[in-house]
Amino acid sequence: MTTVQKQELSVFDDHSTLSKALFEQGEHHVLFVTSKLGTSPPWLINALVETQVFGAPLTLNESSSSAANRAHSRLPIANSDKKAAIIASWLHSSDYFHSALGKLKIDQNRYQVHDYLTDFVLKNHDKPASKVLKSLIQELTMQSATDLLILEQPELLMHLLNITSDVLHLDFINPLTRIIPVVVIVSYTESYDNPGADSTERLSPDMIEQIRFLNGCFFKSIVVFGIKPLMTGRAKDITGTLTISRGGASLSHLPINVAENEYLFHTQKDATKLFYR
Amino acid sequence: MSFRKRSEVLGNPNVPRIQTRAPLPERGMPPQRNPLRNDIRNVTSRIGGLSMRDEPEPALATPKSSQIDASHPGIRPSPATSQPTAATGCHDLDKLLSHMGLPLGQLLLVQEQSATDFSSVIVKTFAAQGIVHNRIEGSNAFTKGNTHLVVLTLNQSFAKELPGVYQGSRKDVKRTKVSTAESEVTVQNTLESVALKQSVAPKDLKIAWRYGLKDGSKSKGNQKQNSDLDTFPNYSHTFDITSRLVPAPTSAELTLISPVQTLSMVLAQLKAVFKKHERKVIRVVIPNLLHPAMYPPKYSQLSELLPLLHGIRSIIKENGDRAVLLSTLSSDLYSNSGCQVLPMVENMFDSVISLEPFPQEMSQFLERVYKSQPNKIQHGLVHVFKLPLLSDRGEMHVMRSEYAFRNGKKKFEIEPWGIPVDDSETSESNSTADPPSGQQGQTSVSIDF
């Protein structure tokens, strides 16, 4: 693998990761990231935040150390008062993201983390779901100056607040997508294996809701990033595959198209490299 | 499935006992972690006061200082990420997790397939290890102590079921008994020892001279050096599952919380324990999660189960510099297809391993193969789904059927799995396929001409 050329991450056909066209006034888009057991997506989340702060996912496209130095010396492209990205996570605490993004030399003032792991249950367990969802939207859009909102595992809200996928979409995802230009939904899809008609076992209601939520996200998104381990199992020099494909939403009104592609990637010691399939 | 040698040691046997490098603030370390300042001091003193680096001392650089004493006997830095790590009580499991233990702030789930209960051994040794660490300081343990155990169970006699520290084989136990009896100051012992010294001493000296052991102080010095190298002497213990920990842990060392109370009650009680034992490492254990005898049926619904796990995860992460959690779950009750319970439960844990006991045919095969070495018979496979910290940063560590486990009186062993060769089968097939060359031309059938 040492002779294989490293690949740069380009999502759109203008060779960009997050094209400027996405952030034009009045435009609202959803990007969907799916991950499976064995291939967590923190590196892709970091790359998207980095793109928003520095203009490109430097650590993915260059060697980690030189990218960090370059990132440090580089001036942020955006207005410094504006948060480049807001991350809301129901699985990890804010320390986790500060640690990971700190390694990329991203200033903590350039992004914001909403920690919905710590004490979320204690604070909201007995409250009505609609009230909780409203307060979440208020918190996330309070600094409406942001252009990129990353939601890590919002599907957990279905179980934490005991709501259906429709309620989650209608009362949470949709209002957010109407306010913020680009919303990235990061979901864990280990249980989603396209159970078709030949499935011998009855699907549980939880499973049906989960599938419904994921399908909804797929149809709303313009790009789907699928992160999966190799079909052949664990390999020493490959962690898994990143598949970039179009989602259900139309891009015909934009001057760009999704550059559908499949990469191999290798994550080791906080550094990820992409390769051609 | 790998075909590695059975004798191969798990992980890297030459794991450095001392961290010679100060953990970088930007490498794999959330700001609240405690980088064990004492180890750095030890190293600097060893290399003669050389300055380690120009970096600020990590403990000073972190905004939130750890409440745990750096000299805690049950904490050591991880060889993989330098995070403070707690022993699980099973040495091989420590190695399997790639950190020589479970890093603080991490949650480990041990799933078990079929109706066996091997995972209870891991739970009990994990719990007993915490109690043993707590008692290292002696009589202070009951009042002050360094570790506290929290068990979310309805089993009130959990404390009485914990295994004791392995004392050695029967012979060793007898020897230690004799030596302790001899060391007691009695008239008979003193008379005997004087007589023995007079009669045996010259003979002993001769033997000692022959083997170069005459200079006792030298050998003691060597031993001391070896023990010095062993920087974490009380980190991990071996437990004898046939014995019991005596005296059984009291309420000063262990807190039992019923997991089937209201959610807010469970979380409030757990928080109260963390508040009460502010300067202790807290080991949280959830044995037999979702066991039908303990949990009502409503807990198999994610809307009941997930808030509980989410709340517990939140508390462990909040106290990430002094808490670890181990839970076990029988995965047979929840199939992977069509049901979302298992994937969502796995999602709530940082590390997941699964035990798959061998079916009867396989056990019989192994018994046949290891007829002369019954202590080599493995009892099942170990699948690794997630490793602490490493999987969370995106590395792929799903290893199915690469390891096997063996449960013995002395310890729960995990080793690389390879299908053993059945010698009897090969010899049989050889004899049927290739008749001996010497007999090729001979036949017992009489031929008529």
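## Two strands at the sheet's end

Let's start with one pair of neighbours: in chain B, strand E13 (residues 399–407) pairs with E14(B) in the antiparallel sense over five bridges. Two strands count as paired if DSSP finds at least two bridges between them. Strands here are DSSP runs of E with at least two residues, helices are runs of H or I with at least four, and both are numbered from the N terminus. Within this pair, B:Ala404 sits opposite B:Glu415 of E14(B). Strands of a sheet pair through backbone hydrogen bonds, either parallel or antiparallel.

A quick word on what you're looking at: this is a predicted model, where local features need pLDDT of at least 70, side-chain atom pairs count only at pLDDT 80 or more, and totals for chains, interfaces and linings use all residues. Residues are numbered from 1 along each chain as its sequence is written, while chains are lettered from A and ligands numbered from 1 in the order in which they are written.

## The whole sheet and its helices

"In contact" is for residues whose C-beta atoms, placed from the backbone, lie within 7 Å.

## Where the chains meet

The contact takes 37 residues from chain B and 44 residues from chain A. On chain B's side, H8, H9 and helix H10 (341–347) of chain B each give two or more residues, and H9(B) gives the most, with 10 residues.

For the complex, the predictor gives an ipTM of 0.92 and a pTM of 0.80. Chain B averages a pLDDT (the predictor's confidence in each residue, from 0 to 100) of 77, and 66% of the residues score at least 70. Residues 11–63 of chain B stay under 50, and the model has 78 contacts beyond four places in sequence for them.

Technical notes. Two residues are in contact if their C-beta atoms, placed from the backbone, lie within 7 Å.
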